[in-house]
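Dear colleague,

Please find the structure below, together with the sequence.

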Amino acid sequence: MKAIVVTNWKMHPATMREAKRLFEATKKAADAAKGASVVVAPPAIFLRELSALYRGKKIAFAVQHAHPESVGAHTGEISLAQVKDARAQYAIIGHAECRARGETNDEVRRKVVSALSLKLTPILCIGEKVRTQSGEHFEFVREQIRTALLEIAPAHIAKMLIAYEPVWAIGTSHAMPPREMHEMSIFIRKMVVEFAGDAGHKVRILYGGSVDEKNAGAMLREGDIRGFLVGRASVNAQEFSVLLQAIEAV
Ligand code: PGA
């Protein structure tokens, strides 16, 4: 089965010109990687132009953050309907950096519902901020899953991607150990089945948080995941190409 690699460019790069250059390199790396399909999530302002330039089938586009309503008095926001119109097929929803700016579980749920109704594939991000010995992080993640899935028909569950990104592993030098991810994948699947029924067995789980070419192979082999959400290693063309090669070798 092909690994799914979502590149979260966050607020990089500074200009359209650089974005085009990074996209060209990403495209080359994606074309060479038979074992992975790539989803590029650029800053929204670059999305339409990059998607319009692209003619291939190997790469799909995602938005990093968008509003659930199609139109309205929401200064500074862009809507999921607008990003769909710009040819995005995926939507990252509930990223830790958006949650840190105040996005709530309820808002995340509305976005998941809206994305599915527009036939955008939600990439639902979940993950605890800290871990303690007492295991409270399981309860935290359970609640994120429960609220996000409250209004989702079981038939839609298999269409979703769930990206588990422990906040303590994002932007650091250490990814989570694969054995712990394996345990988390089992837990997430169990929760999705609890809230959405048997269809939950089909949910596709990604890992995110300091993924690089050194840890990706083991994570894919041992972490019980379908792919990755990649930040820093996706905005460095050279690093991204090596990362895809590492995934290819699994
Ligand atoms: P990172 O970011 O790969 O730079 O840790 C991952 C993310 O925030 O999605």
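In these notes, buried means under 20% relative accessible area, exposed means over 50%, and partly exposed lies in between (1.4 Å probe, protein chains only). At 42% relative accessibility, Arg-87 therefore counts as partly exposed. This is a predicted model, in which local features need pLDDT of at least 70 and side-chain atom pairs count only at pLDDT 80 or more, while totals for chains, interfaces and linings use all residues. Residues are numbered from 1 along each chain as its sequence is written, and side-chain values use heavy atoms, with hydrogens and water left out.

Arg-87 sits in the loop between helix 3 (80-85) and strand 4 (90-93); helices (H or I, at least four residues) and strands (E, at least two) are DSSP runs, numbered from the N terminus. Although Arg-87 is not a glycine, its phi is positive, at about 75°.

The loop between strand 1 and helix 1 holds Lys-10, another non-glycine residue with a positive phi, here about 50°. Lys-10 is partly exposed, with a relative accessible area of 22%. Pro-13 is found in the loop between strand 1 (3-8) and helix 1 as well, and the peptide bond from His-12 to Pro-13 is cis, with omega near -10°.

Which residues surround the ligand? They are Asn-8, Lys-10, His-95, Glu-165, Ile-170, Gly-171, Gly-209, Ser-210, Leu-229, Gly-231 and Arg-232, where a residue qualifies if one of its heavy atoms lies within 4 Å of the molecule. A polar side-chain atom of Lys-10 lies 2.7 Å from a ligand oxygen atom, in a polar contact (a pair of N or O atoms within 3.5 Å). Taken alone, the ligand exposes 280 Å², of which the protein buries 99%; the areas come from the Shrake-Rupley method with a 1.4 Å probe.

Helix 1 (residues 16-32) has 17 residues and reaches 24 Å from its first C-alpha to its last, close to the 24 Å expected at 1.5 Å a residue; the expected span is 1.5 Å times one less than the number of residues. Its buried residues are Met-16, Ala-19, Leu-22, Phe-23, Thr-26, Ala-29 and Ala-30. Seen down the axis of helix 1, they fall within an arc of 135°, so they line one face; the arc is that of the directions from the helix axis to the C-beta atoms. The face turned away from this buried side carries the exposed residues Arg-17, Arg-21, Lys-28 and Ala-32.

Yours sincerely

Conventions. Polar contact = N/O pair within 3.5 Å; in protein donor to acceptor, adjacent residues only side chain to side chain.
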